[in-house]
Amino acid sequence: MASNQECLLENGTSSEEEVHHGRTARQLSASALRKKSDPTLPNSVQNGHLREWLVNLQVVLLGTKLSVLLPTIPLSIFAVYYGFGKPWIFTLSLLGLTLLAERISFLTEQISYYIGPTVGGLLNATFGNATELIIAISALSQRKVALLKYSLLGSVLSNLLLVLGTSLFCGGLANLRREQKFERRQANVNSLLLLLGTFCHTLPMLLQYAGDSAAQKDQTLQFSRAISILMLLSYIAFMFFQLWTHRGFFELQQVSEVDGDEDVEEEVAEIGFWSGFAWLFAVTAITALLSEYVVGTIEDASKSWGLSFSFLSLILVPILGNAAEHAGSIIFAFKNKLDISLGVSLGSATQVAMFVVPCCVVVAWIMGINMDLNFGLIETVSLALAVITTAFALQDGTSHYVKGLVLIFCYFVIGICFFVFETPVDQTAST
C-alpha cells in the first residue's frame with residue numbers, strides 16, 4: 001500500500017500537511033467490505049514509478065472482499081467475443097458490475113481526500129449511483145426505455161424497502177435490549193424529497209385518464225420534461241442544504257460514532273490524486289462496457305430462465321448493482337449505527353429518484369428519444385406506497401426489528417407482483 005506521504009507528493013502537497021476528509025454515510029458503508037492488501041511484493045520492485053503503479057494496481061483490484069468477482073470481468077468480455085450464450089453473458093456482466101460499483105465508490109473516496117469534504121461531497125453525489133446512471137444511458141442508447149424505467153424504479157424500491165428494512169431488522173435483532181435511535185431530521189428531509197418525486201411521477205401517470213387520448217401522450221411528454229427540470233433544481237437545492245447550510249444533519253452524529261469505534265483506523269489516502277482520476281476513468285469505462293452487455297442480453301436471459309422481464313430488471317439488476325453498499329449498510333446496523341444505514345438507503349433512493357431519473361428524461365430529450373415520467377399504474381402505485389410506508393416507519397426517530405420486517409415484507413409483495421406481472425419484451429424498445 002502506498003504511504004500517505006507518497007500520495008501527497010503526487011498531488012504536489014507537502015508531506016507535513018494533513019489531508020482532512022469528511023466521509024459520508026455511503027462511503028463508510030462501502031468501506032465495510034474493504035480489506036488491506038499486502039504491499040510486500042510491489043515494494044520489492046526497484047523502479048519507483050513501476051512500484052507505485054503496482055501498488056495502486058494491487059489496491060484497486062484486490063483492496064476489497066469482493067475481489068473474488070474479479071475474474072467475471074474478463075470472462076464476460078471473453079464470453080461476448082467467443083459467442084457464449086447470452087444468459088451467461090448477462091450473469092457474468094452483472095456480477096462484474098457488483099465489484100465495479102464498489103470500486104467506483106472507493107476511488108471517489110480516495111479523490112475526496114485531496115479536494116476537501118464539500119467538493120468531495122459533490123463528487124460522491126455525482127458518482128454515488130454511477131452504475132445506475134451508466135446502465136440508464138446504455139439503455140437509452142439502445143432505445144430500451146422500459147428497461148431503463150424498471151431498473152431505476154427497482155433501485156429506489158430496493159433501497160427504501162429491502163436495504164433499509166434489512167438494516168432495521170438486523171439492527172433490531174442485534175440490539176434487542178436497547179432502543180435504536182437515529183437522526184430524525186436527516187430522514188425527514190430525504191422523505192420530503194422522495195414525496196416530491198412521487199408527486200412528479202403520479203401526475204404524469206394520471207394524465208392518461210384525462211383529456212383527449214390522442215393528445216395525451218404528447219402532453220405527458222412535455223409535462224414530464226418540464227417537471228424533470230424542476231426535480232433537478234430541487235436536488236441541487238438539497239445538495240446545497242446537505243453540503244453547506246445544514247451539514248450537521250448528515251455528518252455530525254455519524255462522524256462522532258465512527259470516531260469512537262475502536263475498529264476504525266486513521267483515515268489516509270491509499271492512492272494518489274491523479275492516479276485516482278486515472279483509475280476512476282478506467283473503471284467507469286469498463287462499467288459502461290459491461291452495462292452494454294447487461295442491457296443487450298437481459299431479454300434473452302429473461303426468456304431462457306422463464307422469469308418475467310419486469311422481475312429481472314426491477315428486482316435482480318438493482319440488488320446486484322449495489323450489493324457492496326447494501327451489505328455495508330446492514331453491517332453498520334448491526335453495530336447500532338443507524339444514521340449510516342439511513343444515509344445509504346435514503347441517500348441512494350433520493351439521488352436516483354430526484355437526480356438520475358430526471359437526468360435520463362433530459363438526456364433522452366437531447367437524444368430525440370421520447371421518455372416521460374409515466375412509469376405505469378402498478379409501478380407508480382408501488383413507488384408511492386413504498387415512500388409513504390418508509391416515511392411512517394421513520395417518523396419517530398426510533399427503530400426496532402418489526403419495522404424492518406414490515407418493510408421487507410412490503411418489498412416481497414412488490415417482488416411477487418412483478419414476478420407474476422409479465423411485460424411484453426417489445427415494450428422495451430421505445431422511440
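Student: Is cysteine 200 buried or exposed?

Tutor: Cysteine 200 is buried, its relative accessible area being 10%. Buried means under 20% relative accessible area, exposed over 50%, and partly exposed in between, with a 1.4 Å probe and protein chains only. Keep in mind that this is a predicted model, where local features need pLDDT of at least 70, side-chain atom pairs count only at pLDDT 80 or more, and totals for chains, interfaces and linings use all residues. Residues are numbered from 1 along each chain as its sequence is written, and side-chain values use heavy atoms, with hydrogens and water left out.

Student: How many disulfides does the count come to?

Tutor: By that rule, 0.

Student: Switching to serines. Where is serine 151?

Tutor: Serine 151 sits in helix α8, residues 145-174. Helices (H or I, at least four residues) and strands (E, at least two) are DSSP runs, numbered from the N terminus. Serine 151 has 8% relative accessibility, so it counts as buried.

Student: What lies 2.9 Å from a polar atom of its side chain?

Tutor: The backbone oxygen of leucine 148.

Student: Which residues does serine 151 contact beyond its neighbours within four places in sequence?

Tutor: Ser313 and Pro318. Contact means heavy atoms within 4.5 Å.

Student: What about serine 76, buried or exposed?

Tutor: Buried, with a relative accessible area of 0%. Serine 76 belongs to helix α5, residues 72-81. Setting aside residues up to four places away in sequence, serine 76 touches Leu92, Ser93, Leu290 and Tyr293.

Student: Now α16. What span should its 18 residues have?

Tutor: 26 Å at 1.5 Å a residue, and the end C-alpha atoms of α16 (residues 377-394) are 26 Å apart, which agrees. The expected span is 1.5 Å times one less than the number of residues.

Student: What covers the buried residues of α16?

Tutor: The cover includes α8, α9 (184-206), α15 (338-367), β2 (398-399) and α17 (401-420). Among the buried residues of α16 are Glu379, Leu383, Val387 and Leu394.

Student: Last one: how many helices and strands does the protein have?

Tutor: There are 17 helices and 2 strands. Of its 431 residues, 56% count as buried.

Conventions:
A polar contact is a pair of N or O atoms within 3.5 Å; within protein, one must be able to donate a hydrogen and the other to accept it, and residues adjacent in sequence count only if both atoms are side-chain atoms. A disulfide is a pair of cysteine sulfur atoms within 2.5 Å.
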